[in-house]
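Reader: I am new to this structure. Please take a close look at one part for me.

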Amino acid sequence: MTSSTTDFLATARRVIEAETAALTMLGASLDDSFGAAVDTILRARGRVIVSGMGKSGHIGRKITATLASTGTPAQFVHPAEASHGDLGMVTRDDVALVLSNSGETPELADIIAHTRRFDIPLIGVASRAQSTLLRQSDVALLLPPAPEACGNGIVPTSSTTMTLALGDALAVALMEHRQFTPEHFRVFHPGGKLGARLARVADLMHRNLPLVSVGTSMGEALITMSRLGFGVLGVTGPDGRLEGIITDGDLRRHLEGLLSLSVEDVMTRKPLTIAPDALAEKAVAMMNARKITSLFVVEPEGSGAAEGLIHIHDCLRAGVA
């Protein structure tokens with residue numbers, strides 16, 4: 001390891017230690033104003049309008065995205081654009097969350113004035129208690145006096161990390177209050193690996209099902225089974241309830257005289273099924289555990305009729321498995 005590499009590592013560790021200390025200070029400094037901020041957002045009938053300039057603006061965009069994806073409608077409004085017409089996006093039903101380390105960012109003047117003029121609740125985040133932003137705010141969230149991690153105090157580092165963490169804390173507090181579930185989260189995250197992991201069986205299942213009724217001859221059953229190509233066949237009773245399944249394995253076990261048999265002579269009774277609202281990831285786990293490739297989908301509290309069929313290949317294509 002060269003001396004320069006050693007120096008780089010030392011710098012990295014110093015920065016991370018400084019920002020860790022800043023987060024510890026932030027946690028210790030939180031008071032009733034945090035709860036007031038959460039209550040203010042919960043009372044709003046509209047959105048959380050997040051605004052900030054420069055690095056605070058970048059942090060604000062991330063906070064906006066986190067709020068919106070966890071059940072709190074939010075929109076970022078750039079303060080400079082707000083002064084040229086975008087103030088029209090901020091309504092009396094909204095609540096404003098304005099970020100500024102100094103609390104004196106001149107570009108924020110118009111959006112702050114707009115909230116005061118139209119009685120729009122204002123939550124300010126800054127590091128100076130007597131700053132214009134916090135003095136004008138209905139709820140003031142004061143960042144503790146943690147030194148910036150850059151060493152000379154001029155590069156936003158610890159301050160932006162604290163602001164980001166504070167935004168996460170607000171989003172999670174709101175999320176928990178609203179009892180936001182993984183299923184809700186999936187609605188806002190339909191794409192990517194996360195969306196795939198939260199996909200429901202009903203989202204992936206086939207509805208054109210290979211089904212025959214009890215009493216059907218195996219000759220006719222084989223035609224139905226082959227036509228849809230799932231490698232499995234469901235057998236239903238007179239009431240439409242799924243009574244059994246026939247798989248390729250069942251066929252091999254009954255090769256001798258197969259065409260002289262009826263489906264109930266071959267089928268596996270009380271088959272393993274899964275509910276339509278179950279996560280597709282659970283279906284994959286069940287199929288892997290039983291070394292099977294498909295499951296019929298049956299509503300546990302319903303009529304017992306098959307509503308769908310999910311195949312391991314469907315899960316693979318969706319990125320679940």
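Predicted model: local features only at pLDDT ≥ 70, side-chain atom pairs only at ≥ 80, totals over all residues.

Author: Residues are numbered from 1 along each chain as its sequence is written, and side-chain values use heavy atoms, without hydrogens or water.

C315 is buried, at 0% relative accessible area. C150 is partly exposed, at 24%. Buried means under 20% relative accessible area, exposed over 50%, partly exposed in between (1.4 Å probe, protein chains only).

Now helix 14. It spans residues 280–290. Helices are DSSP runs of H or I, at least four residues; strands are E runs of at least two; both are numbered from the N terminus. A280, A283, V284, M286 and M287 are buried. Seen down the helix axis, these buried residues fall within an arc of 165°, so they line one face of helix 14. The arc is that of the directions from the helix axis to the C-beta atoms. On the other side, N288 and A289 are exposed.

What covers the buried residues? The cover includes helix 10 (201–204) and helix 15 (312–318). Strand 10 (273–274), strand 11 (294–298) and strand 12 (306–311) are also part of it. Contact here means heavy atoms within 4.5 Å. After helix 14 comes K291, whose phi is positive, near 55°.
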